[in-house]
Amino acid sequence: MERTGVIIVAGGSGSRAGGARPKQFRFLDGMPVLARTINTFAAALPGAEIVAVLPEQHIGFWKNLSAHTKSPREARSGSTR
């Protein structure tokens, strides 16, 4: 049985982009960039398991934003690249 999984690495701090929050959590046309990414993969690969890799300090913040998307599993990233 073949299975497909998607790992979305969203562990960056977004410091080069500037702003108050990391770019994966910024809104683009009314939805967080990370939510758009997850939704795109979910539509293209129905039934695939999706895992978002996030900095530990942002997981709670993401859970508040994830109402915009199918909630993926989260994995904690390291503190640096």
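Author: Ground rule before we start: exposed means over 50% relative accessible area, buried means under 20%, and partly exposed lies in between (1.4 Å probe, protein chains only).

Reader: Fine. What kind of model is this?

Author: It is a predicted model: local features need pLDDT of at least 70, side-chain atom pairs count only at pLDDT 80 or more, and totals for chains, interfaces and linings use all residues. Residues are numbered from 1 along each chain as its sequence is written, and side-chain values use heavy atoms, with hydrogens and water left out.

Reader: Now Arg76. Buried or exposed?

Author: Arg76 is exposed, at a relative accessible area of 55%. It sits in strand 5. Strands here are DSSP runs of E, at least two residues, and helices are runs of H or I, at least four, numbered from the N terminus.

Reader: What does Arg76 touch?

Author: Val53, Leu54, Glu56 and Ile59, once residues up to four places away in sequence are set aside. Contact means heavy atoms within 4.5 Å.

Reader: Zoom out. How many helices and strands?

Author: 2 helices and 5 strands. From the N terminus on, the order is β-β-β-α-β-α-β.

Reader: And how much of the protein is buried?

Author: Buried residues make up 31% of the 81 residues. Among contacts between residues at least 6 apart in sequence, 54% join residues at least 24 apart.

Reader: How many bridges for each pair?

Author: Two strands count as paired if DSSP finds at least two bridges between them. Strand 1 and strand 4 share 5 bridges. Strand 4 and strand 5 (residues 73-76) share 4. Val9 has Val53 of strand 4 as its bridge partner. Val51 stands opposite Arg73 in strand 5.

Reader: How enclosed is strand 4?

Author: Largely: 5 of its 6 residues are buried, so the rest of the structure encloses most of strand 4.

Reader: Helix 1. Which residues are buried?

Author: Leu34, Ala35 and Ile38. They fall within an arc of 100° seen down the axis of helix 1, so they line one face. The arc is that of the directions from the helix axis to the C-beta atoms. Thr40, Ala43 and Ala44 are exposed on the other side.

Reader: What do the buried ones pack against?

Author: Strand 1 (5-9), strand 3 (31-32), strand 4 (49-54) and helix 2 (59-65).

Reader: What span should helix 1 have?

Author: Its 12 residues (33-44) should span 16 Å, and the end C-alpha atoms are 17 Å apart, which agrees. The expected span is 1.5 Å times one less than the number of residues.

Reader: Core, then. Which residues have the most contacts inside the largest nonpolar core?

Author: Ile8, Phe25, Leu34, Ile38, Leu54 and Trp62, in a core of 14 residues. Strand 1, helix 1, strand 4 and helix 2 each give two or more residues to this core. A nonpolar core is a set of buried Ala, Val, Leu, Ile, Met, Phe, Trp, Tyr and Cys residues joined through side-chain atoms within 4.5 Å.

Reader: What is Phe25 in contact with?

Author: Pro32, Leu34, Leu54, His58, Phe61, Trp62 and Leu65, leaving aside neighbours within four places in sequence.

Reader: And Gln24, buried or exposed?

Author: Gln24 is buried, at 9% relative accessible area. It is in the loop between strand 1 and strand 2 (27-28). Among the residues it touches are Ala10, Gly11, Gly12 and Pro55.

Reader: Last one. Where does Asp29 lie?

Author: In the loop between strand 2 and strand 3. Asp29 is exposed, at 70% relative accessible area. Its phi is near 55°, a positive value in a residue other than glycine.
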